[in-house]
Amino acid sequence: MSITENKKNGNTPAIDAGNIKLAQAQSYNNLIKGNSNWVAERVKEDPEYFTKLAQGQHPEVLWIGCSDSRVPANEVTGTKPGEVFVHRNIANVCVHSDMNMLSVLDYAVNVLKVKHIIVAGHYGCGGVAAALSNKQFGIIDNWLRHIKDVYRLHANELDRITDEKAKVNRLVELNVTEQVYNLCKTSIIQNAWMDRTDLQVHGWVVDISTGFIKDLGVSSSNPHNLGYVYEFDNVEATAAH
Ligand SMILES: [Zn+2]
């Protein structure tokens, strides 16, 4: 029976293991089974859970994190569906010409009115490590260029670190910090600061080896640290101090 037929009959969709490798079928079917279990658990806890969830979202947090499978926003922060609006890409880069990121940012700031935007990197980030190397990896090299630019900005500090793992992890921190500044330089954030004082941008790193989050202490709620050329007119006068 096909997936479509299964859906029509209201059964749990399953793919035919006879047509593909068994392991591949299992990893797919485990997702469907996991979903059924998750739904059952939620409904057991609260029969109205999905009725309430379907009414809309009011998250107070935008999470911009790495695509790495080990750093899911909800799990590492102990939050539930509906609490965190999420954007993820390789090495949590915030590029001011990335329409995907800008669209998420604009919606989060101007429609959802989130109060906290968190750029969340993680130690041992493969994207950051790749950016530190001289190897070619394909089209991703163009994306990693943004992290190489962060390296260039902080080369004096990074070149003094001889341990390769420590160097990657320090660049992870510096990359998060620069992406926080990149967000603050956008017209979206600066215009929001002209209207309200309850929007903060933060930089975090998740330590996968312990699970704990490190706050890098670079939180911003005004444009003062950006450098004069990045501040738009009238923002400084109204932004929170
Ligand atoms: Zn990563």
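This is a predicted model: local features need pLDDT of at least 70, side-chain atom pairs count only at pLDDT 80 or more; totals for chains, interfaces and linings use all residues.
What is the handedness of the crossing of H5 and H10? The crossing of these two helices is right-handed.

**Overall composition**

The protein chain contains 11 helices and 5 strands. Of its 241 residues, 26% are buried. Where contacts link residues at least 6 apart in sequence, 62% of them join residues at least 24 apart.

**The pair H5 and H10**

Helix H5 spans residues 99-111 and helix H10 spans residues 187-195; their axes come within 10 Å and cross at roughly 15°. Angles under 35 degrees count as roughly parallel, and H5 and H10 are therefore roughly parallel to each other. On the H5 side the contact is formed by Leu102, Leu105, Asp106 and Val109, while H10 contributes Ile188, Ile189 and Ala192. Sorted by class, the contact of H5 with H10 comprises 6 nonpolar residues, no polar residues and 1 charged residue.

Helix H10 also holds Met194. This residue is partly exposed, since 14 other C-beta atoms lie within 10 Å; the buried class requires 20 or more. Met194 and Asn234 are separated by 40 residues in sequence, yet their C-alpha atoms are 7.4 Å apart in space.

**The sheet**

The 5 strands form an open sheet with mixed pairing, in the order E2-E1-E3-E4-E5. From one strand to the next, the twist averages 25°.

Strands of a sheet pair through backbone hydrogen bonds, in either a parallel or an antiparallel arrangement.

| Strand pair | Sense | Bridges | Opposite residues |
|---|---|---|---|
| E1 and E2 | parallel | 6 bridges | Trp63 (E1) and Val86 (E2) |
| E1 and E3 | parallel | 5 bridges | Ile64 (E1) and Val119 (E3) |
| E3 and E4 | parallel | 7 bridges | His116 (E3) and Gln200 (E4) |

Strand E1 covers residues 61-66, and strand E4 covers residues 200-206. Helix H9 (residues 164-184) packs on the sheet and touches E3 and E4; the direction of H9 makes about 165° with that of E4.

Ala120 belongs to strand E3. It counts as buried because 23 C-beta neighbours lie inside 10 Å, against a threshold of 20 or more. Leaving aside residues up to four places away in sequence, Ala120 touches Trp63, Ile64, Gly65, Val71, Asn92, Trp204 and Val206. Among these, Trp63, Ile64 and Gly65 fall within E1, residues 61-66, whereas Trp204 and Val206 fall within E4, residues 200-206. Ala120 and Ala91 are 29 residues apart in sequence, with 9.0 Å between their C-alpha atoms.

How values were computed:
Residues are numbered from 1 along each chain as its sequence is written. Axes are lines fitted to C-alpha atoms, for helices over the stretch in contact, and angles run from 0 to 180 degrees between N-to-C directions. Helices (H or I, at least four residues) and strands (E, at least two) are DSSP runs, numbered from the N terminus. Angles under 35 degrees count as roughly parallel, over 145 as roughly antiparallel, 65 to 115 as roughly perpendicular and the rest as oblique. A crossing is left-handed if the near helix is turned anticlockwise from the far one by less than a right angle, and right-handed if clockwise. Two residues are in contact if their C-beta atoms, placed from the backbone, lie within 7 Å. Ala, Val, Leu, Ile, Met, Phe, Trp, Tyr, Cys and Pro count as nonpolar, Asp, Glu, Lys and Arg as charged, and the others, Gly among them, as polar. Two strands pair if DSSP finds at least two bridges between them. A residue is buried if 20 or more other C-beta atoms lie within 10 Å of its own, exposed if 12 or fewer, and partly exposed in between; C-beta atoms are placed from the backbone.
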